[in-house]
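Here's a quick briefing to read with the structure open beside you.

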Amino acid sequence: KTGKALMLAAALMPTALMSSLTYTYDAWVNAFSMLGISYLLMEWMDRDRKISYKNVSIFTVAFVLASLPKPVYIPMIILACFFPKEKFRTKKESSIFRGAVFLVMLLMLSTFMLPAISNPQSMGGDARGGDTSVAGQLSNIFSHPLFYTKLLLKSISDTFFGFVFGSEGMSRMGHFMVIDRTVPAVILFMYTIMGATKRDYRKGLKVWEKGLAVFVSFGIMCLIWTALYLSYTPVGAGQINGVQGRYYFPVTILLFMAFRSKNLINDIPDHIHTVIVSGGSLFILLPVIYNTIIVQTFQQSIKISFVTYNVQQRMSEIRR
């Protein structure tokens, strides 16, 4: 009922599309995150209707499935604990529901936190990151909490715009060259954020609810950076290695919805609005595909053909 254009634009960004075409779990995480957020917002914002346990089951399962490959997204589940009280029929129903959601989150957290806490020595780091050790890095963080807090906040602030709007977060297609489409992306998402509210659906998030969404999004960002600091960064390093803009995709949707205003009404007919959003997305996507994949693949094919021809000529000369 809300946010369709915003999710369409995000799903057609080069980074999201590349993730869906490659053999990684990013497509799984992104798809189930968007499904969970869709049902969460539908229940959250439709205050006139009592809670639907079918919808609740769908977004809970979706968030759980999205968190299985990457546990850093588990805190998104806790947003369901803050449904408006008018959504529930009785106070008892409200308490049972919030308790069940909180229990699901705790069970999910226990699947990866308990092993690390009970036996940190068994948690080795990623060898690709260098001299890594989860146990050693945890000890370093607890020994220098102010140093790590400063490093964490600086890392998030320095990359925030690029990871949310910029090339690193929106238009990077894996290992291919980066094509900067930041300005068109900012324009497109500002349009979708400001034009996301239809006149017949003006029930937006309250200020404290928007603040909660931003807070949870920020918490997930901290978890993303911390996870890579523990597993992919040498112990005691003054930077955090391995964090990529594509990891922000699930929380980006939440952030964009939090900054939507119900006072900005979109009266553009749906079919025209969809054409604008789709056209803007393709204006970003197609040049990136052409420059990063088609052109590079053609150039690489020419180089391979040239090398093959030279090798064949040299072999012919040797045989003669």
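**A helix-surface salt bridge**

K154 and D158 pair up in a salt bridge, with 2.7 Å between the closest N and O atoms. The two sit four places apart in helix α7, so about one helical turn separates them. K154 is partly exposed at 48% relative accessible area, while D158 counts as exposed at 53%. Keep in mind throughout that this is a predicted model.

**Other salt bridges**

- The count of salt bridges comes to six.
- R246 and D26 meet through their side chains in one of them, at 2.5 Å from N to O.
- R246 is in the loop between α10 and α11 (249–258) and D26 is in helix α3 (residues 26–45), so this pair ties together parts that are 220 residues apart in sequence.
- E93 is on the buried side of the cut-off, with a relative accessible area of 15%; the label applies because buried means under 20%.

**The overall fold**

- The protein chain has twelve helices and two strands.
- Reading from the N terminus, the order of elements is α-α-α-α-α-α-α-α-α-β-α-α-β-α.
- Of the 320 residues in the protein chain, 43% are buried.
- Take the contacts with a separation of 6 or more: residues 24 or more positions apart account for 78% of them.
- The chain exposes about 16,900 Å², and carbon and sulfur atoms supply 68% of that area.

**What's packed inside**

- Which residues have the most contacts inside the largest nonpolar core? They are W44, F83, F97, F189 and Y248, in a core of 71 residues.
- Helix α10 gives this core its largest share, ten residues.
- There is also a second, separate core of five residues, and M18, M173, F176 and V288 are among them.
- Setting aside neighbours up to four places away in sequence, F97 touches I51, Y53, V56, F59, A80, F83 and F88.
- Helix α6 (residues 134–143) has V134, A135, Q137, N140 and I141 as its buried residues.
- The cover over those buried α6 residues includes α7 (145–164) and α10 (207–232).

- K87 belongs to the loop between α4 and α5 (91–118).
- Is K87 buried or exposed? K87 is buried, at 0% relative accessible area.
- What does the K87 side chain reach at 2.8 Å? The backbone oxygen of R49 is what lies at that distance.
- Beyond its neighbours within four places in sequence, K87 is in contact with E43, D46, R47, R49, K50 and I51.
- N55 sits in helix α4 (residues 53–67) and is buried too, with a relative accessible area of 8%.
- Not counting residues up to four places away in sequence, N55 touches Y39, M42, E43 and R49.
- E43 and R49 turn up in the contact list of K87 and in that of N55.
- N55 and E43 are twelve residues apart along the chain, and their C-alpha atoms are 7.4 Å apart.

- M190, M194 and L264 make a nonpolar surface patch of about 260 Å².
- M190 is in helix α9 (residues 182–194).

Definitions and conventions:
Residues are numbered from 1 along each chain as its sequence is written. This is a predicted model: local features need pLDDT of at least 70, side-chain atom pairs count only at pLDDT 80 or more; totals for chains, interfaces and linings use all residues. Side-chain values use heavy atoms; hydrogens and water are left out. Patches are made of residues with over 30% relative accessible area and no salt bridge: like charges are joined within 9 Å, nonpolar side chains (Val, Leu, Ile, Met, Phe, Trp, Tyr) within 5 Å. Accessible areas come from the Shrake-Rupley method with a 1.4 Å probe; for residues, only the protein chains shown count as cover. A salt bridge is a side-chain nitrogen of Lys or Arg within 4 Å of a carboxyl oxygen of Asp or Glu. Buried means under 20% relative accessible area, exposed over 50%, partly exposed in between (1.4 Å probe, protein chains only). Contact means heavy atoms within 4.5 Å. A polar contact is a pair of N or O atoms within 3.5 Å; within protein, one must be able to donate a hydrogen and the other to accept it, and residues adjacent in sequence count only if both atoms are side-chain atoms. A nonpolar core is a set of buried Ala, Val, Leu, Ile, Met, Phe, Trp, Tyr and Cys residues joined through side-chain atoms within 4.5 Å.
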